[in-house]
Amino acid sequence: MPELPDAVVYRWRLADAALDRPIADATVVDPLILGDGLEPHRLGEVLRGRTLTDTHRHGKHVFVRYGEETGWLALHFGMTGRVQVVPDGTMPEYAYVQVHFEDGGALAFECPRKFARVRLVDTPDAFVEAKGLGPDARRADVDAFLAPFASRRGAIKGRLLDQSVVAGLGNIYADEALYQEGIHPRTTVPELSEDDLRGLYDAIQRVLDAAIAVDADPTALDPDRFMLPHRYGDEHCPKTGVPLDTETVSGRTAYFSPTRQSAMASAQSSSSASV
């Protein structure tokens, strides 16, 4: 499932290859991909003859501005969505929304499982406010990150996945950040001290930066430092060598190291469990 690092990569892809190219037309192969009541013909009417001029990202959402003073495309990738710029004649199989450029080629928005969404919005800030999204996991300073936790309870894993608390984290990078800090995913927010949460904030930044550096491929992370390559491989903790364990936490499967993230000692300081 695409998370913040994927959205960063997709935004870079758009900025590098899709901006300042006049749009010939837009094709909607399956209107299920369109969100908030957007009609297929409306997308073409709005984009035809314009150019994409800017990009923005908040959490898992990527925004692309059309024109100089007009609105934005809002892209959310669901479970299997992605975006790429393709040359003529190479449209991917599941490109359910296509923006065709006058100079050839197209922007292809793909999603085999059709949970992704394309919307037209006035501004990214207005969209973020309307959707009740929390601070961006990578852009927020530590105080902005900490603020929503003051009134939250429940398991820390669930709170990290709550996009109204912090925007951008999904299952795998939440698990990795908790692993780095030695925090069991079932640990409740009140069990964690402010120092614990500050350590978790730092771990999130390191994990996201590392994932972005490998183009959001979790299997390409350093296997000596990160759990994620082992999650998709031998399923052993890279620090202790014990088999990884799983539990359902807040409705999602959580991977963790039973020795490094002991439930009884899950609120320990980050001093002994940094990357």
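Is Ser250 buried, exposed or partly exposed? Okay, hold that thought for a second while I say what we're looking at. This is a predicted model, where local features need pLDDT of at least 70 and side-chain atom pairs count only at pLDDT 80 or more, while totals for chains, interfaces and linings use all residues. Residues are numbered from 1 along each chain as its sequence is written, and side-chain values use heavy atoms, with hydrogens and water left out.

Ser250 is partly exposed, at a relative accessible area of 48%. For the record, buried is under 20% relative accessible area, exposed is over 50%, and partly exposed is in between, with a 1.4 Å probe and protein chains only. Ser250 also has a positive phi of about 55° without being a glycine. You'll find Ser250 in the loop between strand S9 (245-249) and strand S10 (252-256). Helices and strands here are DSSP runs numbered from the N terminus: H or I with at least four residues for helices, E with at least two for strands.

Asp36 is another one to look at: not a glycine, and its phi is positive, about 55°. Asp36 sits in the loop between strand S1 (23-28) and helix H2 (40-47), and Asp36 is exposed, with a relative accessible area of 57%.

Now the sheets. Two strands pair if DSSP finds at least two bridges between them. Strand S4 (residues 72-76) pairs with S8 in the antiparallel sense over five bridges, and Leu75 stands opposite Val118 in S8. Contact means heavy atoms within 4.5 Å. Axes are lines fitted to C-alpha atoms, for helices over the stretch in contact, and angles run from 0 to 180 degrees between N-to-C directions.

There's another open sheet of four strands, ordered S1-S6-S7-S5, again with antiparallel pairing. S1 and strand S5 (82-86) each have a single partner strand, so one side of each is left without a neighbour in the sheet. Here neighbouring strands are turned by 15° against each other on average, direction ignored. Strand S6 (residues 95-101) and strand S7 (residues 106-110) pair in the antiparallel sense over five bridges, with His100 opposite Ala106 in S7. Helix H1 (residues 4-17) packs on this sheet, touching S5 and S7, and its direction makes about 20° with that of S5. H2 packs on this sheet too, touching S1 and S6, at about 170° to the direction of S1.

So how do H1 and H7 pack? Helix H7 (residues 194-213) and H1 pack at about 45°, their axes 9 Å apart. H1 and H7 are therefore oblique to each other; under 35 degrees counts as roughly parallel, over 145 as roughly antiparallel, 65 to 115 as roughly perpendicular and the rest as oblique. In H1, Leu4, Pro5, Val8 and Trp12 meet Leu208, Ala211 and Ile212 in H7.

Searching the whole structure finds zero disulfides, a disulfide being a pair of cysteine sulfur atoms within 2.5 Å. Cys111 is buried, with a relative accessible area of 1%, and Cys237 is buried at 3%.
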